[in-house]
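Open the model in your viewer and keep the selection tool ready.

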Amino acid sequence: MVAVLSFALSHTELVAWGWRVPFMISGAFGVYLILLRLKLPESDEFNSIKRQNETKKNSSILSNKKLLFLSFFLPAGASAGVYFFVYQVSYITTFIHADLFKATAINTISTILLTIFIPIFAKLADRHGIQKVLYSGLGLLIITALPLFWLMSQQSLPMIILGQLLFAIVLSPYLGLNAVFMASLYPTQIRITAFSFVYNLAVAIFGSSIPLVAIYLQKKVHFQFASGIYFIAMCLISLTALIILSKHKTTSNKTLNLQPASHSV
């Protein structure tokens, strides 16, 4: 979103500050969130699981190779969706020949919509279970991918806008919750190390391949929905991993008895 906002601002009277403002805002929020998290206590549930894992032999990276391998495929659909979302700016300007400012404005509005819907689906996951929301999100992505890609491939700007807005809504459940479910799979002793390595590696591989594949298919294959089919394949990979890992014991949807914080930011 930072990149999109900086592109949009560069076309306004704030051209001198266009690329700085989003980074300054993001940096300020980042510092605030770090300070806020440092003040929060760990839950009784988390501390209990941590003590149990300290006495187990499966609290090392090497003893969880199968889990790490399977969870590597969970972010495939979400990562592909995000990178395709960002790639849409280049696609609209290159193949649809729309103005760059219009393309970035559309993308910015869609990203804001995406940000609004993520906590809504997170609330539904708290109420009905995270796996149900993840299954529903992936199912919607698979079913609606080709129609939405068709909308975003039209020469009509209103249809492109409609396609991006709907894509943002459909993408938000899995994008917002796949990382939460993924982190809950790992024992507390290796959670941060495992998650940071596996998740970022998956994003780099599955996500960064989208622009490359999309451009290649657009120019070489000449099949209008080839990128959409590739995206569906990424979602099916995530769905397969989710099904296999659904029986794995996680910390999702457990009651966390938090101790009152002694300080506030």
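## Stop 1: a buried alanine

Select alanine 168. Its relative accessibility is 0%, so alanine 168 counts as buried. Keep in mind that this is a predicted model. Alanine 168 sits in helix H8.

Now show its surroundings. Leaving out residues up to four places away in sequence, alanine 168 touches Phe85, Ser110 and Leu114.

## Stop 2: the whole chain

Zoom out and switch to cartoon view. How many helices and strands does the chain have? There are ten helices and zero strands. Walk along the sequence and the pattern reads α-α-α-α-α-α-α-α-α-α. The chain has 265 residues, and 40% of them count as buried. Look at contacts between residues at least 6 apart in sequence: 78% of these join residues at least 24 apart.

## Stop 3: the nonpolar core

Select Leu74, Leu141, Phe167, Tyr186 and Phe231. These residues have the most contacts inside the largest nonpolar core, which holds 59 residues. H4 (65-71), H5 (76-94), H6 (100-128), H7 (130-151), H8 (157-185), H9 (191-221) and H10 (226-245) each supply at least two of its residues. Which helix gives the largest share? H8 does, with twelve residues.

Centre on leucine 141. Not counting residues up to four places away in sequence, leucine 141 touches Phe167, Val170, Leu171, Tyr174, Phe231 and Cys235.

## Stop 4: helix H10

Select H10 by its range, 226-245. This helix has 20 residues. From its first C-alpha to its last, H10 reaches 29 Å, close to the 28 Å expected at 1.5 Å a residue. Show its side chains. Buried residues in H10 include Ala226, Gly228, Phe231, Ile232, Met234, Cys235 and Leu245.

## Stop 5: aromatic rings

Show the rings. The structure holds nine aromatic pairs. Start with phenylalanine 149 and phenylalanine 167, an edge-to-face pair. Their ring centres are 6.2 Å apart, with 90° between the planes. This pair links distant parts of the chain: phenylalanine 149 is in H7, phenylalanine 167 is in H8, and 18 residues separate them. Both phenylalanine 149 and phenylalanine 167 are buried.

Now go to phenylalanine 195 and tyrosine 199. This pair is stacked, at 5.1 Å centre to centre and 20° between the planes. Both residues lie in H9, four residues apart, which is about one turn of the helix. Are they buried or partly exposed? The cut-off for buried is under 20% relative accessible area. Phenylalanine 195 has 22% relative accessibility, so it counts as partly exposed. Tyrosine 199 has 18%, so tyrosine 199 counts as buried.

One more selection here: Phe69, Phe72, Phe73 and Phe206. They form one aromatic cluster.

## Stop 6: where two helices cross

Hide everything but H6 and H7. Their axes come within 6 Å and cross at roughly 130°. H6 and H7 are therefore oblique to each other. Show the side chains at the contact. H6 brings Phe121, Leu124, Ala125 and His128. H7 brings Ile130, Lys132 and Val133.

Methods. Residues are numbered from 1 along each chain as its sequence is written. This is a predicted model: local features need pLDDT of at least 70, side-chain atom pairs count only at pLDDT 80 or more; totals for chains, interfaces and linings use all residues. Side-chain values use heavy atoms; hydrogens and water are left out. A nonpolar core is a set of buried Ala, Val, Leu, Ile, Met, Phe, Trp, Tyr and Cys residues joined through side-chain atoms within 4.5 Å. Buried means under 20% relative accessible area, exposed over 50%, partly exposed in between (1.4 Å probe, protein chains only). Contact means heavy atoms within 4.5 Å. The expected span of a helix is 1.5 Å times one less than its number of residues. Rings of Phe, Tyr and Trp (its six-membered ring) pair if their centres lie within 6.5 Å; planes under 30 degrees apart count as stacked, over 60 as edge-to-face and the rest as tilted. Axes are lines fitted to C-alpha atoms, for helices over the stretch in contact, and angles run from 0 to 180 degrees between N-to-C directions. Angles under 35 degrees count as roughly parallel, over 145 as roughly antiparallel, 65 to 115 as roughly perpendicular and the rest as oblique.
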